[in-house]
Every structure is written in C-alpha cells, then in structure tokens.
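Good morning, and thank you for coming. Please look at the structure on the screen before I describe it.

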Amino acid sequence: MPLTGKTIILGVTGGIAAYKSADLCSRLIKANANVHVVMTVNATRFVGTATFQALTGHQVITSLWDEPREFEITHISLSDKADAFIIAPATANIIGKIANGIADDMLTTTIMAATAPVIMAPAMNTKMWNNPIVQQNISKITSLGYKLIPPQTGRLACGSVGTGKMAEPEEILDYVKNLLQPVSHDLDGLRLIVTAGPTIEPIDPVRFIMNHSSGKMGYAIAEAALKSGAAVTLVSGPTSLVCSPEIELVLVKTASEMCDAVLARFDKADVLIGAAAPADFTPVEPADKKIKKSGNSGLTLHLKQTPDILVEAGKRKKSQIIIAFAAETNDLEHHAVEKLHRKNADFIVANDVSRSDIGFASDMNEVTIIDKNGIIDKLPKLSKLETADRILDKVYQMLRKS
C-alpha cells in the first residue's frame, strides 16, 4: 500500500471537474492514505460534502468558521499533519489567489500555511487556460515550487475542444505516489539528457510541419530521473508541459536545433534518452513570406531529411548509454530492432501510437523494451510515470553491469 501512513489534504474547488475529485478521493483511500477534504463554497454546488465525508470518514471543511477541533486551529492543524496537498480541480481563480498570496477562505488559508508539497491539477476552458494572466500565474507558482499536473486536451464541458481538461484521477494518484515514495538515489551523480515533444519545421512564416507528440513521456522520464538523483537536462520541442525548476530546460523548435542542443551537451553526459519525436523531414527552402492560396491550384513541397539526433550521438558515443524510442503504427518489433542497431543504441522503447489509449496524447503507455542483445521485455499498460520508472530501472541495471 504505497500511501500507508500518509496524510493527504484534498482541496476541491468550483469547477465541473469536481465530480472527478470523488473518484480521486476514493483511489487515495484505496491506496491507504488518510484523506481530509477541504472544499470551497462553490465546489459544494457541484458535489455535496456528504460524498467526501462518506469516503474519508472525516468532516469536510468548507469554511473558516466551521466548528474547530478541540484546542486546534483547523487550517494550521491540517497543514501540520499533511504529507501533501492536492488541489483538484484547480480553477483559474484558485491559481490566481495562490500566486498573489490571497488567503480569504479555508482552502487558501490552509495552503498558505502549508510546508508539504502542493500539487495542482488545473481545469478550465481553453481560452481561460491560454489567458496570459493565467499563464503568468502558472509560471509564478511553479517557480515557487508548487507542483503542476498539466491539463489534458479534449472535449470540454462547454462543448469546445482544446486544452483544459483536468488530468485523470489515476494520473494524479500516480504522481502523488511517485512524489511521496522514498527518494531513490540509483542515478545519484549521473548526468542525463532527455529529449521530449515534437519539433516544428517551417513552411513559411505561418505554416509548419509537426506531429502529434505531446512530450508527456519525455517529461515523465525527466522527472523520474531527477527523483533518482540525476542531474537532468531536458531538451524539449513545443509543448504545454511544465517541469520541475531543478531540471535544466532547453527549449527548441526545429529538429536541427534539437540536434545541436543535444550534441553540445553529449560529451559530458552519462545517459541520453531520446523520447522526443523530431520531424523526419523539413522543407528545403522555407518561404520568407506567407504562401498565398489565390492563383495556386496546388502546392508542392520539396523536403529534405532532418539530422537524426541519435545516429549523430551514436557516432560520438564513448561510454554513454543511449536509449532510443520507436513510435510505430505497424510491425512494431521489426521496425524497433532496425532502429536500435542503426542508432547504435543500448536499448529501444517501442510503442504503438495507432492506439488511442496509449498514443501520443494519452497519459498511459504500453511499451516493449528491446536491448542490443535481443532481450525483449513487454511491459503492461502503465501510466507514463510508472513507465518512466521501469525504463530507468533498466538504465540502472545496465550501469551496474558496466
């Protein structure tokens, strides 16, 4: 029971995703956590307090004026006993309050007194999520050490499609488990480079070639490696994800920029994990002005191959361990083995991106690991955080043998 002996404060705010919080609460209880729920008044308009009281066996706190425990100041006593705070859903309103030090209700007051990690799972309309004030608040709270589980992209309650859906309860639970488990130092002192996300290859100043990679797998590996004691550099294409401030984040756009960033750091690295999905092709001559539709019956693009980052790293390889990824839609193991040898990698992680339940945007993955000796390890369907841990276990095993 991974959360045995842990006390979790679950903060529920006024968003339609509050119904998912009951599921999250149940999962935390099943993981043997002691859960206390603090709700804003608006949250009670979506889910009743009786639901959480029945799940946790504790009084649900909704107001600073609720009956206090004997000889206790409630918001202080809750903060003192907490191993972690989870705010799910975290609305734009609560994020703004925390970012600006406002403590005007039970939830914000309790958080202000918190010394345990505070984890936020935002949920809001896409336009709200993209609002520059919200993004500024997000940047501020993450720079201060608050944890963020980014929202998903999909159909929202308002009917629109975009980024803003709260992460699924199982992903939040996995994040909490990972955060509260004793810190492993299996990779202590090692330097890891992790690549993540897509790249964009410009056609003209407003159009580009891109793929569906979300970057979630690479970011999960970077976080897991950090927790294992490694010094981590994350070279990322464009994503909506946020990483821990302890990770060196290098933002790039094109495959060529990603290759340059990796190779500039490779000689000093111990491990390179290529979880990104850089574009394979780029226009030979991107237009310097927007290509107009009028007068053109069609458009022919002349493409050239982008640099293969792991192939280039493989040529420079000395004692480093290189892990490749293969995102395939057919003949998974055949294509993965070919890439493994072509890239001079030590092992490759292959997954079927044609499946919507484990594809690019999913929080789950189901991978097959194949090493250079032909040993195949098929992992079950796991969260990307759990998958990241299993991949790093394999890295640790290889380091022990070297």
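Over the ring of which residue does the charged end of lysine 394 sit? The ring belongs to phenylalanine 347, and the charged end of lysine 394 is 6.0 Å from its centre. A charge sits over a ring if NZ of Lys or CZ of Arg is within 6 Å of the ring centre and within 35 degrees of the ring normal.

This is a predicted model, in which local features need pLDDT of at least 70 and side-chain atom pairs count only at pLDDT 80 or more, while totals for chains, interfaces and linings use all residues. Residues are numbered from 1 along each chain as its sequence is written, and side-chain values use heavy atoms, with hydrogens and water left out.

Let us turn to isoleucine 203. This residue lies in the loop between β9 (201–202) and β10 (208–209); strands are DSSP runs (E, at least two residues), numbered from the N terminus. Is isoleucine 203 buried or exposed? Isoleucine 203 is buried, because its relative accessible area is 12%, and buried means under 20%, exposed over 50% and partly exposed in between, with a 1.4 Å probe and protein chains only.

What does isoleucine 203 touch, leaving aside residues up to four places away in sequence? Its contacts (heavy atoms within 4.5 Å) are Phe208, Ile209, Pro283, Pro286, Ala287, Ile291 and Leu301. Isoleucine 291 is 88 residues from isoleucine 203 along the chain, yet their C-alpha atoms are separated by 8.7 Å.

Finally, aromatic pairs: the structure holds zero of them. Rings of Phe, Tyr and Trp (its six-membered ring) pair if their centres lie within 6.5 Å; planes under 30 degrees apart count as stacked, over 60 as edge-to-face and the rest as tilted.

Definitions and conventions. Helix = DSSP H or I, 4+ residues; strand = E, 2+ residues; numbered from the N terminus.
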